[in-house]
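Colleague: Could you take me through one spot in this model in some detail? I'd like to see the surroundings as well.

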Amino acid sequence: KRTEVVNGNMLIRDGVVDYIGRSSADLNVEKCRTLDLRGYAVFPGFINTHHHLYQTLTRAVPGAQNSGLFDWLRTLYPIWGKMNGEAIYISALVGMAELLLSGCTSSSDHLYMYPNDATLDDSIRAAKDIGIRFHPTRGSMSLGESDGGLPPDGLVEDEKDILDDCQRLIESYHNAEVGSMLQIGLAPCSPFSVSSKLMEETADMARSYGVRMHTHLAETRDEEEYCVERFGKRPLEYVMELGWNADDVWLAHMVHCCNKDMKALATNGIAVTHCPTSNMRLASGISPIMKMLKLGVDVGLGVDGSASNDGGHILGEARQAMLLARLEASLNQSGQSASETDSYFSARQALELGTRGGAAALGRKDIGQLELGKCGDFFAINMNKLQYAGALHDPVAAILMCASNNVDVVVVNGNIVVEGGRLLTIDLGPTIERHNEISIGMVA
């Protein structure tokens with residue numbers, strides 16, 4: 001109910017929130033691990049709904065620093081083609097570590113290329129090792145340059161092989177139960193990298209297994225022009241006609257969408273992932289999320305790939321979303337004063353994008369809130385820090401209004417993953433060292 005408890009206590013039992021309140025006198029906590037968080041602010045764990053974890057290997061690549069999406073992709077495709085299973089695993093660990101240390105407890109991932117025998121299993125293993133709740137999507141590219149697509153022919157796959165692997169992954173890993181730590185989604189990369197047939201067959205398979213569907217959409221003007229020229233339709237209209245038209249779909253970006261598009265999203269229950277930093281980094285534009293939210297569209301938050309961000313700090317991403325929404329509102333005022341418009345997207349609204357909004361985008365009703373019966377996922381920040389000095393009158397707003405830093409405690413499914421600002425589940429030093437070795441070998 002969006003209440004905020006002051007000087008409260010919370011009990012997590014068997015991974016589930018069992019009590020929240022002001023008193024703990026009647027609770028039997030003798031056998032529980034207890035965290036004394038006096039002076040901290042405690043929040044539901046953030047949910048990251050769009051990422052490409054492998055891209056931590058190619059941050060700030062010189063030839064891709066000042067390019068729009070299509071040229072950026074053309075520069076990076078050959079580099080990504082050098083990845084193998086170890087690269088996928090190590091890059092996933094690095095990306096997930098960055099997410100956890102910034103307050104993320106659940107993350108999706110969109111892996112859409114599998115060179116040199118790499119598989120989605122490699123990133124699934126990383127998630128289990130590091131202790132994050134994971135929603136990997138089996139991405140795909142089947143339309144190479146010779147067939148009018150954007151990717152090099154050497155990075156696309158046969159469509160039957162794609163669908164066979166989608167089926168294998170769902171049957172091997174997908175857990176639809178309440179409290180699930182692992183759920184599979186299906187995610188053709190984009191309208192310019194797969195065929196219409198694969199979009200349709202992916203939707204059919206996803207619905208036969210009850211899993212969710214994801215893709216990039218309406219990210220740039222180039223994409224819109226491509227769809228109009230090739231299909232005679234704008235991006236959303238195109239994918240909806242292929243069966244991507246229901247509440248089991250969530251779409252990344254939706255920057256270039258008109259009022260008709262936004263109404264279609266709301267009417268059909270299609271969710272959107274807002275990726276503010278990536279959209280600014282690639283100069284793609286500003287997604288009109290305030291209009292979407294007013295229409296009832298579910299909007300989650302995504303850090304996007306670490307080669308288009310070039311980071312994965314989800315607390316910072318929530319702050320970026322708040323600031324960018326305010327900027328967009330001011331640009332659209334048309335001479336009105338701020339008091340006559342909804343210019344001020346609040347810190348609490350931005351926090352909801354990363355929690356409740358993310359849960360809705362992933363089709364989860366058991367995460368995104370601290371509430372009885374929901375998963376024991378939270379992060380905590382020690383408010384007695386330099387950057388929060390003078391802001392203790394509203395610690396909730398302070399974590400976004402003030403400078404973004406790493407969090408101090410992260411609990412996932414009742415397990416302490418970060419304590420004292422330190423990741424407990426893996427040794428970061430050797431992981432970063434190996435990650436940099438692989439990165440240098442790929443980019444050189």
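Leaving aside its neighbours within four places in sequence, which residues is His52 in contact with?

Modeller: Happy to! This is a predicted model, in which local features need pLDDT of at least 70 and side-chain atom pairs count only at pLDDT 80 or more, while totals for chains, interfaces and linings use all residues. Residues are numbered from 1 along each chain as its sequence is written, and side-chain values use heavy atoms, with hydrogens and water left out.

His52 sits in the loop between strand S4 (46-48) and helix H1; helices (H or I, at least four residues) and strands (E, at least two) are DSSP runs numbered from the N terminus. Its contacts, meaning heavy atoms within 4.5 Å, are with Asp109, His110, Tyr112, His216, Asp304, Gly305 and Ser306, once neighbours within four places are set aside. At 3% relative accessible area, His52 is buried (under 20%; exposed is over 50%, partly exposed in between, with a 1.4 Å probe and protein chains only). The His52 side chain also makes a polar contact of 3.3 Å with that of His50: a pair of N or O atoms within 3.5 Å, one able to donate a hydrogen and the other to accept it, where residues adjacent in sequence count only if both atoms are side-chain atoms.

H1 (69-80) is among the elements covering the buried residues of helix H6, along with H5 (196-209), strand S8 (212-217) and H7 (235-241). Those buried residues of H6 (221-231) are Glu223, Glu224, Tyr226, Cys227 and Phe231. Seen down the axis of H6, they fall within an arc of 160°, so they line one face of the helix; the arc is that of the directions from the helix axis to the C-beta atoms. Glu225 and Glu229 are exposed on the other side of H6.
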